[in-house]
Amino acid sequence: MLIIGAHLSASKGYTAMLKQAQEIGANTFQFFTRNPRGGSAKAIDEKDVETFLDLMKTQGFPVILAHAPYTLNCCSAKPETREFAINTFSDDLKRMEYTPNQLYNFHPGSHVGQGEEFGIELIADALNNVLFEDMTTTVLLETMAGKGSEIGKTFEELRAIIDRVELNNKLGVCFDTCHVNDGGYDIVNELDNVLDEFDRVVGIDRLKAVHLNDSKNPLGAHKDRHEKIGDGYIGIDAFERIINHPSLKKLPFFLETPNELDGYAKEIALLKSLYKE
């Protein structure tokens, strides 16, 4: 079974997102935990959560992915920004326990001139602050395109963060196809080699989710501009290989392409037609 969904609005709650996912042919979804450009979060509606968890079981939704706001930068040069990141991160992980055993994805951050090594230390320190022993959520570091001073553009940078985190059994990786392409990994022509390298550096068991995005830019551009599936430099043939690769095909896939709901529905139908059970 292809586990596939898209990024949906959380404004009407979990149950509404699940029903919207079903309308576009999805069996999972991704959502922002709060305003992606701010810090506010809606109060948890416990009745909605209870209904949603029941529907997850009965409707065959194996997992969902929460996404941290873009404003969360654990390695900012500004102490107040780092404090905001830790407070937001900690609050999100507490809220995630209302929906146990799900995934939470975040962008590692931008070191803004402080250097990669120092940025990696700050990210690990933040994770050591917010992770807790009895949490059920798996926190995912996202592979990044490397624009500006982003950390996470190489598998080695992700590994360096993981190695510095005490509770790193709570950590995984979200593999973003646009970001990996823009970061310089040739998933179009060398997918096996890229995944072998990921396994050697990070460990394939850390790979927990895939963001399926085509790219408006060529290999190694370090730009991070998502494109619709098949309309960019990655191309539909590569996506067919990605969703059917033995190391990836059982993972949940999440679309973040520049689409409205009808566009997501078409992409999901296309990808389902290419998937080999």
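A residue is called buried when its relative accessible area is under 20%, exposed when that area is over 50%, and partly exposed in between, with a 1.4 Å probe and protein chains only. The model on your screen is predicted, so to speak of local features pLDDT must be at least 70, and side-chain atom pairs count only at pLDDT 80 or more, while totals for chains, interfaces and linings use all residues. Residues are numbered from 1 along each chain as its sequence is written, and side-chain values use heavy atoms, leaving out hydrogens and water.

Select residues 191-201 to begin: this is helix α7, where Leu191, Val194, Leu195, Phe198 and Val201 are buried (helices are DSSP runs of H or I with at least four residues, strands are runs of E with at least two, and both are numbered from the N terminus). Looking down the axis of α7, you will find its buried residues within an arc of 130°, so they line one face of the helix; the arc is taken from the directions between the helix axis and the C-beta atoms. Asp196 and Arg200, which are exposed, sit on the face turned away from that buried side.

After α7 comes glycine 203, with a positive phi near 110°.
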